[in-house]
Amino acid sequence: MRKGKNNMKRKIAGILMIFILCFTISAYAAVEFETEDTNTDIQQISATPAQLAALDLLKKLGVFADDFDGTAQVTRGEYINYVMTLASLSDVPADDCIFSDVTSSHQYAGAISAAYSLNVISGYGDETFCPDDVMLFSHALSVMAGFIGYRSNELFLQNQTLSAKRIKVIGELSQNCTLSAQAPLTGYEMAVIIYNALEMPVFQKAVNEEKYFTDEEDTVLSHYMGIKIAEGIVSANEVTSIDSGSETKKYAIRIDGFSYSFNPDLQAHIYLGNAVKVYYKDIDNSSFRSLIAILESDSQNKLRINAENILDKTTVECVYYDNSYGKEYRACLKKGIPAVLNHGFVVLDTSDILKISDGYIELIDHDGDSKFDIVFIYETQTYFVSYINKAMCLVKDAYGYDDLDLSGSNGETVSVTKDGQAVDVKRIKRNHVLEVSRSNDGTIVNAAISDNKVKGKISGIGNDYIVIDDVKYEVLNRVIPVLGTLKPGKTTTVYLSSDGRVAGFSESRSDGMTYGYLITAAESKGTFESDEADFLIFTSTGVFQNIRSSRKLVIYGTQSTYDGTSLSGKKVLEILKSRSQHINSVVKYSLNEDGELSELTLPENRTADSTGYNEDAFSLDYSFRTSGSNFLYYGSVGILGNRYFVNDALGMSVPSEQEWEQYYAGTLSLSELEKSFRIFSASTSWKNDETVYNVDIYDADKNLKADLIVTPNRSSALMTQPEYFAVDYVSKNLDADGEPRVAVSGLFKGQQVKYFIKEDEEVFVNSPELLKLEQGDVIRIALNAGNEIVNILKIFTSHPRTAQGKYVLNAEAFDDFNSGDGASSYDNFGRVVGWNWNVQYRLVHGKCTAISATSMKIHLGARNENAKPLAPRIVVPAEKCNYYVYNEESESMTLGKRSDINPDNPNQTVFIRIKYFVVLDVVIINRENQNNEIYWNGYYNE
């Protein structure tokens, strides 16, 4: 037996030298102390916080695998294997038979041999080790004490000082453990023992001396694993720096002047501004340290305040907020603390930076002195996922945000998290809520998944809330306009953001089916899905959904053809195409539990039926079209066609026939076509005596009460994308045929252009004032295939009808959310209720009061002379921002550049188009005379 031991010693002598373990370190696995035997028979069901913390760190350090089972009992061999893993000796070859019951073929033979050679274990007196028996809790503590250097040999037993040290170490190793001495060791308790040992100094014998010592910096971590520990504040990542230095390289952070590189899976960049404890290794010949694990400091406190809870009395020294129940709180800030706005460093020089319209702020107190040391300001976007292309990592939003690219292909460090943990982007599913934050330049930094949902009966609907089964849920601002599509008594599923607010919903009607508009359908791609089809449907909740058919699809109430063949998606697609060349149509449909299209029905046409209502079938009951002055009026009684009641009907606006023709001809894209779809409520969105050119009524009952009304888009031409056309001058020119035509010259998409106006268009015949354009006006135009202007929207104009000042933003006429009377849409600060400032294309008139290399500060005016000004905003010009300059004195409209903006010019104002705080277009207005009042008059909602 001794011969085997000496051979093994010679084989691993080189490895042992680096640990400076000298000759006599040993421990045996016998019971050496007794504690009160409690909880022996209690089976652990869930982990304690201490156990979870230990397990989390050990997984990060690579000691445990991600699938480690903390509830399982640990064998003696398995425990030794984990202990030897700390010293990288678990895989040492085992050629010798050290214990009679541990052969070289045993899975833990190498670890057991290494532990024996280090005198960490000695086995039982009969030269056995029993590797497959369960390790007892007391034995596990004894082994770990020996591994650290506190042996159980005669020297320790006879020397009272050493014996006392050993007992003390065993007590420290057992902290936060719950087992009795004789209890079987579990994975959770093993994790706590190893966790407790990591930062203990190794007890060593000096070389060639009978002297023992410990070095506080020579711990189990550093001695065996080469891992060091540091604590401090994360002061920089690759996006932002909050100290005097610059940002770091990609996948790196800075703490107290030292740079740490990390594996992307570690997601260490999200700890910016946090007090942390890091585990790292030095990198030879490098100025960087290799980050192994990172943990938030236990001493720091965090406070998160939602935007709607921040009170206007907030200052740069104190954030005042409420808890939504009227109780006021305050959070004190240290003077001159760093601030990070949308992941970009900003100077906290005004309280307006803290008064965000949507999202939240997070305050961090590093040292627990009740004064906060840093503030993070998040203007977030909340996506409600209607579709995700997992191959391209592309997310489609249900309510009109631009598609979200999470691939990181644009050089972003994109983090997708769920419950605070990093997850793969493929974990995102339809109906998930994504809370997206961006850096100041618009790049995505984090997308947090929330999959919370509630299903129940609607028992009440308010202006900004919904009651499900008598529980009230607040609704995000962007979802409020769609509340009108829901009805009390119906069943719905609401999908919640991380703070419990409704970010989306789906309605289930009493018959299990719901209304939609079928836009396109195509055969599914893929070997195993060749018989299926994908249907693009605009739903009754205002969402575009790409829905795959189920294996067996019901159409018109049947699941088979006349010859008994099952109806696949591909077959249903053939049936739909046989009805008409194009398949776009109002439909009723239902989904199965997997979200697949399981039933589809098209309406029966009963417009010629004298009764004017359906019985049981889904039907089109009334259709009205007009092209002249024979208008159909919707009066205060809520009646269409002199007989149908539509106040409570679901309203759906869809593309006009002209737009469908353009789409099928290829001159109109699908994304442009989708802009004509919307859901509206006749009782709230239509004004009395609204002129209705086209309308279809579906599913009217015997009392002629309609369930669905559909209005094709009234616009005769589709608006272009929202680039500005800044008018330079209007003139009479001869066209190619030598005929006199009105032409508009101006600046469009960064170029000088000229277009003829098609004056015989119905919109100009009915509204000739649209043709009265002046130099300096900003408009939007619609062009036909011949590049003729067929429609004009006046956005920023000096037309006398708008004038309180000469330059007025004339956009609220095109705002779908405006109530029409002006008063009820604004609060007492002159702000639009429900205005999410950074979400969509916004048109703003104001004054640039500061400009830097990366940002502009815009001060806005009031709605009128009696209202208070809006809060100033910090915005970032896009790399390809278009600049135009209108000089009133010289009567010129020219292309400009960023340097034309002069905050010190009292006569200069700016008019901008902005999205996500990124400026896309700027019209710089140099007035002839100074005008201190800037009247802001509404906003344009794209």
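Ser88 counts as exposed, at 61% relative accessibility, where exposed means over 50% relative accessible area, buried under 20%, and partly exposed in between (1.4 Å probe, protein chains only). That residue is a friendly place to start a tour of this predicted model, in which local features need pLDDT of at least 70, side-chain atom pairs count only at pLDDT 80 or more, and totals for chains, interfaces and linings use all residues. Residues are numbered from 1 along each chain as its sequence is written, and side-chain values use heavy atoms, with hydrogens and water left out.

**Loops around α5**

Ser88 sits in the loop between α4 and α5. Although Ser88 is not a glycine, its phi is positive, at about 55 degrees. Val92 is also in the loop between α4 (76–85) and α5 (109–117). Helices here are DSSP runs of H or I with at least four residues, strands are runs of E with at least two, and both are numbered from the N terminus. Val92 counts as buried because its relative accessibility is 9%. In sequence, Val92 and Ala111 are 19 residues apart, while their C-alpha atoms are 6.5 Å apart in space.

Glu127 is another residue other than glycine with a positive phi, near 65 degrees. With 40% relative accessibility, Glu127 counts as partly exposed.

Here are relative accessibilities for some residues in this report:

| Residue | Relative accessibility | Class |
|---|---|---|
| Val92 | 9% | buried |
| Glu127 | 40% | partly exposed |
| Ser450 | 5% | buried |
| Cys848 | 3% | buried |
| Cys881 | 10% | buried |

**A serine in a strand**

Ser450 belongs to strand β21, which covers residues 444–450. Its relative accessible area is 5%, so Ser450 is buried. Leaving aside residues up to four places away in sequence, Ser450 touches His432, Val433, Leu496, Ser497 and Ser498; a contact means heavy atoms within 4.5 Å. With Leu496 there is also a polar approach: a polar atom of the Ser450 side chain lies 2.8 Å from the backbone oxygen of Leu496.

**Strand β27 and its partners**

Strand β27 spans residues 514–523 and is mostly covered, with 7 of its 10 residues buried. Which strands pair with β27? One is β30 (residues 585–591), joined in the antiparallel sense over 5 bridges; strands pair if DSSP finds at least two bridges between them. Within that pairing, Thr514 has Tyr589 of β30 as its bridge partner. Strand β28 (residues 533–539) also runs antiparallel to β27, and 7 bridges join them.

**Cysteines**

A disulfide is a covalent bond between the sulfur atoms of two cysteines. Taking a disulfide as a pair of cysteine sulfur atoms within 2.5 Å, the count comes to 0 disulfides. Cys848 is buried, because its relative accessible area is 3%. Cys881 counts as buried too, at 10% relative accessibility.

**The chain as a whole**

The protein chain has 15 helices and 53 strands. Of its 942 residues, 54% are buried. Among contacts in the protein chain with a separation of 6 or more, 60% come from residues 24 or more positions apart. The accessible surface of the protein chain comes to about 43,200 Å², and 46% of that belongs to carbon and sulfur atoms. Such areas come from the Shrake-Rupley method with a 1.4 Å probe, and for residues only the protein chains shown count as cover.

Technical notes:
A polar contact is a pair of N or O atoms within 3.5 Å; within protein, one must be able to donate a hydrogen and the other to accept it, and residues adjacent in sequence count only if both atoms are side-chain atoms.
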